[in-house]
Amino acid sequence: MACVVACKRENDVPEEHYRTRVVEIVEGKFPKLRMELRPELCNHCENAPCVYNCPTGASYKRKDGIVMVDKKKCVGCKACMAACPYDARFIDPRNGAAHKCTLGEHRIIDGKDPACVTTCISGARIFGDFNDPQSPVSRILAERHVRTLIPEAGTKPTIYYIGLELLT
Ligand code: SF4
Ligand code: SF4
């Protein structure tokens, strides 16, 4: 949970809410058990229903692919929350606006990785530029078997998982 703690501290996430979580799934019965631990966060979907269901334009997608919320435009209607298949958003009780992962946009502008990536003690989180074919994430995408969460939702997530069965 180092990533979860780092995210909360870095991004001033309100009490009792999280921008990222680590989900633990156990399937089967002893002694035939399977367990999966996987970090979950906003998938910064290419085809983001939170964006096209937002009535005010507060939810938007940047040119670099990061999905953001303009809290000045947000009226707290929760249409984006209802549209998101990943439970990736919540309302910030301090200002009534939708709140979510921003992929550490204030850090990456300075060339740093997001806090969750920097803090992950096992290097499980990897951040990078899919538009650069030489970047580590592009090479992983080309060479490894990757999966996304709930692909059938049609949102085209840009968070990919390596080596997980994605138990439900
Ligand atoms: S995971 Fe949810 S909040 Fe994030 S871009 Fe996709 S639909 Fe929007
Ligand atoms: S809660 Fe805010 S960001 Fe979400 S749909 Fe309503 S106005 Fe848009």
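The model is predicted, and I kept local features only at pLDDT of at least 70 and side-chain atom pairs only at pLDDT 80 or more, while totals for chains, interfaces and linings use all residues. Residues are numbered from 1 along each chain as its sequence is written, chains are lettered from A and ligands numbered from 1 in the order in which they are written, and side-chain values use heavy atoms, without hydrogens and water.

**Cavities**

I found three cavities of 30 Å³ or more; a cavity here is a set of points, on a 1 Å grid over the protein atoms alone, where a 1.4 Å probe fits but cannot get out, and its lining residues have an atom within 4 Å of a point. Volume is the space filled by probe spheres set on the points, which are joined across faces, edges and corners.

The largest cavity has a volume of about 130 Å³. Of its 15 lining residues, Cys7, Asn11, Cys101, Gly104 and Cys116 are the closest to the centre. Helix H1 (2-11) and helix H5 (115-119) are the elements that give two or more residues to this lining, and H1 has the largest share, with three. I took helices (H or I, at least four residues) and strands (E, at least two) as DSSP runs, numbered from the N terminus.

The second largest cavity holds about 90 Å³. Of the 14 residues lining it, Cys42, Cys45, Cys50, Cys84 and Tyr86 are closest to its centre.

**Ligands**

I then asked which space ligand 1 takes, and it is the second largest cavity, on the criterion that more than half of a molecule's atoms lie within 2 Å of the grid points. Around ligand 1 I listed 13 residues, the closest being Cys42, Cys45, Cys50, Cys84 and Arg89, where a residue counts if one of its heavy atoms lies within 4 Å.

**Backbone**

Lys78 has a positive phi of about 70° although it is not a glycine, and it lies in the loop between strand E4 (67-69) and helix H3 (79-83). I noted Lys78 as partly exposed because its relative accessibility is 47% (buried is under 20%, exposed over 50%, partly exposed in between, with a 1.4 Å probe and protein chains only). The peptide bond from Phe30 to Pro31 is cis, with omega near 5°.

How values were computed
On a 1 Å grid over the protein atoms alone, a cavity is a set of points where a 1.4 Å probe fits but cannot get out, and a pocket is an open set with protein on both sides within 12 Å along at least five of seven lines; lining residues have an atom within 4 Å of a point.
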